[in-house]
Each structure stands twice: as C-alpha cells, then as structure tokens.
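Good morning, and thank you for coming.

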Amino acid sequence: MTEHYLNYVNGEWRDSADAIEIFEPATGKSLGTVPAMSHEDVDYVMNSAKKALPAWRALSYVERAAYLQKAADILYRDAEKIGSTLSKEIAKGLKSSIGEVTRTAEIVEYTAKVGVTLDGEVMEGGNFEAASKNKLAVVRREPVGLVLAISPFNYPVNLAGSKIAPALMGGNVVAFKPPTQGSISGLLLAKASPKLACQPASSTPLPAGVGLSATTSLNTRQSTSSTSPVPVLSARTSANWPGCGRLCWNLAARTRPSSWKTLTWT
C-alpha cells in the first residue's frame, strides 16, 4: 500500500476530504497520495498564517537564523532520502536530485548566516534635503506578511527553498504550494519544519502557522483561491508557468483591501 502524505498546517499534520494520487513518470507506479485542499482548507491556511505572524516577526534575526540553520542541518542529513523520492517523482537523475536537496540546504544555511547581518540605516537630513540638516531619517526593514511560495515541477525543492528561507528570515510567514508532480518531494521538504521543535538545542519550538504546506488539485483556479482577507505576497521565479502568476495576481486583486501590498519577483 502506498503512503498517504499530509499537509503541515498550524503546527500539525492535516488531511483533506479529497486526495491526489502521484505516479512515477518512468514506470507508472504509484508513489503515494497527497491532500487535495478545498476552499475551506485554504482559508484555514491563510488564517493560521495571519495568527502566527506577530510571534514570528517579533523574533530577532539571530533567533530566526537559528531555526533556519537547524532546517539546513536536517536537509543535509536527509538529502539522499528526499533526493531518492524526488528522482522518482519528476524523472530526474538520482545524482542531480540529491544535489538539488543539498543546494537547497546550502541556500537555507547561507540565508541564515547572511540574515544576521541585516540592519536598517540612519541618514542625516542634509543627505536628502538641503534644509533638513538637523533631522535624522531612520530606515527599518519590516516583514510584509504572508508569502505564497509556488515552486515549479522541475525544481520543486530548490526553488521552494530559495523563496521560503529569505521570506522567513525577513520575518514573514510562508504558505508553500508545491507543484502537483512534485508534491511529495515538497512535503518532505516541509517536514524539516516540525522537526525543529524536537531539536535539543532549540530553546523554543517553531511557532505554529509560520511555515505551512498546501497541496491542491489540478484545478488551480478552484483550489488555490481564498476568501480570507489576509495580505499575500506572491513570490515566484521565471521557471514557473507564467499563467500561474497572473492567476494569483488576479485572484488577489478581486478581494484584497486597498491596504494590501502585493509584490512579485520574476
């Protein structure tokens, strides 16, 4: 019997009423099933992330970096296990698949080390306005809220980590949507989050709702839309299907309050 994988939402593993079966392209063999989230499931993800934001953004850069470093350590340790599944799921060579997981660990580790150097800026008034020599301008880096990280099928782990790690380091919370053919590998990546709470060196568990996974059906328009009034920052790379980015933008534009701030990286 194949394994049924669950989504990690709000500090717990959750199932959905429907499921998607994932097959190995090379052999047609079933690799397992993942939840096909409903509108209600997606709303729960969004609301959980909203509640988790204050606690996560209140942490210092050093504290967030400690969590990311532990995640990197887990990915280094489980590179062969995740890479083996990745190889079967998207028909990529085993060596390349393991290398993808290792590179993801390196990205997460690099983000943790560089992230602690982030700081604001203080500018003297005379630098930006001649008549304000006695003023000081203080620039602070602030998180924008919820980041929706959508990874493509050809690099479901690496191009997820490259979005998730910087977003978390910046104090944002993340909802991760892996590709359908790549969902299992994406959920194995998500497993690095709850394990952090079990690490002896961790003084506090990873706050629930900070990192969430969301597997959906092939009907993207139906399954990824949410009616929850939660600010969303859509982060995507050019490797993704362009229509996906446009769809997310349009769905957000229909319901978002005027105070929402939406930004897309390409």
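Axes here are lines fitted to C-alpha atoms, for helices over the stretch in contact, and the angles between their N-to-C directions run from 0 to 180 degrees. Please bear in mind throughout that this is a predicted model.

Let me start with a pair of helices. Two packed helices are described by the angle between their axes and by the distance between those axes. In our case, helix H2, residues 61-77, packs against helix H5, residues 158-169, at an angle of about 150°, and the two axes are 9 Å apart. H2 is therefore roughly antiparallel to H5, because angles over 145 degrees count as roughly antiparallel.

Which residues in H2 and H5 meet? From H2 come Tyr 61, Arg 64, Ala 65 and Leu 68, and from H5 come Ala 165, Leu 168 and Met 169. By class, this contact of H2 with H5 has 6 nonpolar residues, no polar ones and 1 charged.

The buried residues are Ser 183, Ile 184, Ser 185, Gly 186, Leu 187, Leu 188, Leu 189 and Ala 190.

Glu 109 is found in helix H4, and with a relative accessibility of 19% it counts as buried. Leaving aside residues up to four places away in sequence, Glu 109 touches Gln 69, Ala 72 and Tyr 76.

Now to the backbone. Asn 10 is not a glycine, yet it has a positive phi of about 55°. Asn 10 lies in the loop between strand S1 (7-9) and strand S2 (12-14), and it is partly exposed, with a relative accessible area of 28%. Ala 91, also not a glycine, has a positive phi of about 55°. Its place is in the loop between helix H3 (79-90) and helix H4 (94-115), and at 52% relative accessibility Ala 91 counts as exposed.

Asn 134 is exposed, its relative accessible area being 83%. How far apart in space are Asn 134 and Glu 124? They are 10 residues apart in sequence and 7.6 Å apart, C-alpha to C-alpha.

Key: Residues are numbered from 1 along each chain as its sequence is written. This is a predicted model: local features need pLDDT of at least 70, side-chain atom pairs count only at pLDDT 80 or more; totals for chains, interfaces and linings use all residues. Side-chain values use heavy atoms; hydrogens and water are left out. Helices (H or I, at least four residues) and strands (E, at least two) are DSSP runs, numbered from the N terminus. Angles under 35 degrees count as roughly parallel, over 145 as roughly antiparallel, 65 to 115 as roughly perpendicular and the rest as oblique. Contact means heavy atoms within 4.5 Å. Ala, Val, Leu, Ile, Met, Phe, Trp, Tyr, Cys and Pro count as nonpolar, Asp, Glu, Lys and Arg as charged, and the others, Gly among them, as polar. Buried means under 20% relative accessible area, exposed over 50%, partly exposed in between (1.4 Å probe, protein chains only).
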